[in-house]
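Subject: Structure handover

Hello,

The sequence and structure are below, followed by notes on what was found.

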Amino acid sequence: MGVKFDNELQRFVFDFGNDEGGDIVSLTGNGYQVEAFGKCFYYGYEFGDDVDGNVRTAFIRYVKFSERLQDNPDLTQFIKKAVDDLNRRINLYDYNLVVMPESSSSVNQYMLRYIYRYAQPMLQEMELVKALPERIDFDMKAYEKQYLNDVLENGRPRYTEAQKEEVRHNIEQMLDLIHHKDYFTIARDVKKSRFRPYMMNFLRFATKEDEELCATIRKQNILVIDDVTTSGSTLGEILRTLRILNEDNNITIFSLIGRRDLMADSF
C-alpha cells in the first residue's frame with residue numbers, strides 16, 4: 001500500500017493494493033520493528049528515502065489537518081490499513097490501556113475509535129496534555145551525576161567548582177527563558193539540545209484520575225499512539241512520564257507515520 005503525489009492534479013493519490021517505486025509513504029512491512037527503551041517497539045508508515053522535504057511537509061499537514069476526517073475515505077482507509085497491520089503483529093486484544101498525547105489533529109481520536117474494534121471491552125484510554133511552560137523544570141541532580149561530577153583517569157575532578165557554578169547559573173537562566181516561552185517554541189528549541197534528556201514536565205496527565213490509573217496498572221500492556229513522529233520528542237516525553245509512575249508495564253508505540261532511523265538518533 002502506498003501514496004503518490006500527482007504533480008498534474010496537485011493532489012495525493014492513494015493505492016491500497018500495491019507498493020511501487022516512487023511512493024511517498026508506505027507501510028513499514030511485515031516483521032519490521034525497532035527496539036528501544038527496553039521493552040518498547042515502534043510501528044507505522046514511513047516516507048521513502050528520496051522524498052522531497054516539501055512533499056513530506058505537505059503530506060503531514062494533509063494527514064493531520066484535513067477537515068472532517070470521517071468524510072475523507074482515502075485518509076480513513078489509510079489509518080485503518082495501518083491499525084489492521086498493527087493488530088496482525090501484536091494482537092490489540094491483549095492491551096489494557098491506550099495513551100496518547102493531546103493533539104490539534106483528529107487522527108489520534110480516529111485511531112482510538114478504530115482500535116476499539118479489536119480491543120477488549122475493558123480497554124481504557126488516557127490523554128497526556130501539554131504542561132504550562134512555567135511547570136517545566138530541569139533534573140540538576142542527574143546532570144551533575146553524569147557530567148559535572150565526572151573525574152579524569154588520574155582521579156581529579158574534570159571541572160572546577162567555579163566551572164560547575166557557571167554551568168548551574170547558565171541552566172537557571174535557560175529555565176527562566178523557557179518559563180516565558182510558548183510550548184511549541186520550547187519543543188523546537190530543546191529538540192536537538194544536549195540538555196534535552198534532563199528537561200522535565202513537557203507533558204502531564206489530563207486528570208488526577210488518569211495519573212492514579214497509570215500508577216495502579218501493573219505488569220499489563222500499554223499502547224502509546226501518536227499521529228506523526230518526526231523528532232521523537234513527544235514519544236520520549238510520554239515514556240518518561242509513564243515510567244515515573246510505573247516501571248512494570250510492557251509498552252508498545254504505534255505512530256501512524258514515522259522514520260526508520262528515529263530511535264537510533266533521537267533517544
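**Helix packing**

Helix α2 passes helix α3 in a right-handed crossing (right-handed if the near helix is turned clockwise from the far one by less than a right angle, left-handed if anticlockwise). This is a predicted model, in which local features need pLDDT of at least 70 and side-chain atom pairs count only at pLDDT 80 or more, while totals for chains, interfaces and linings use all residues. Residues are numbered from 1 along each chain as its sequence is written, and side-chain values use heavy atoms, with hydrogens and water left out.

The axes of α2 and α3 (residues 107-115) come within 10 Å and cross at roughly 50°; axes are lines fitted to C-alpha atoms, for helices over the stretch in contact, with angles from 0 to 180 degrees between N-to-C directions. That makes α2 oblique to α3 (under 35 degrees counts as roughly parallel, over 145 as roughly antiparallel, 65 to 115 as roughly perpendicular, and the rest as oblique). Helices (H or I, at least four residues) and strands (E, at least two) are DSSP runs, numbered from the N terminus.

From α2, Thr 76, Ile 79, Lys 80, Val 83 and Asp 84 meet Val 107, Tyr 110, Met 111, Tyr 114 and Ile 115 of α3 (contact means heavy atoms within 4.5 Å). The residues of this contact are seven nonpolar, one polar and two charged. Here Ala, Val, Leu, Ile, Met, Phe, Trp, Tyr, Cys and Pro count as nonpolar, Asp, Glu, Lys and Arg as charged, and the others, Gly among them, as polar.

**Aromatic pairs**

There are 17 aromatic pairs, counted where ring centres of Phe, Tyr and Trp (its six-membered ring) lie within 6.5 Å; planes under 30 degrees apart are stacked, over 60 edge-to-face and the rest tilted. Tyr 45 and Phe 78 are stacked, at 4.0 Å centre to centre and 10° between the planes. This pair links distant parts of the chain, with Tyr 45 in strand β5 (residues 40-47) and Phe 78 in α2 (residues 73-90), 33 residues apart. Both Tyr 45 and Phe 78 are buried (under 20% relative accessible area; exposed is over 50% and partly exposed in between, with a 1.4 Å probe and protein chains only).

Phe 138 and Tyr 198 form a tilted pair, 5.9 Å centre to centre with 45° between the planes. Phe 138 and Tyr 198 are both buried.

One aromatic cluster is formed by Phe 5, Phe 12, Phe 14, Phe 16, Tyr 45, Phe 47, Phe 59, Tyr 62 and Phe 78.

Regards
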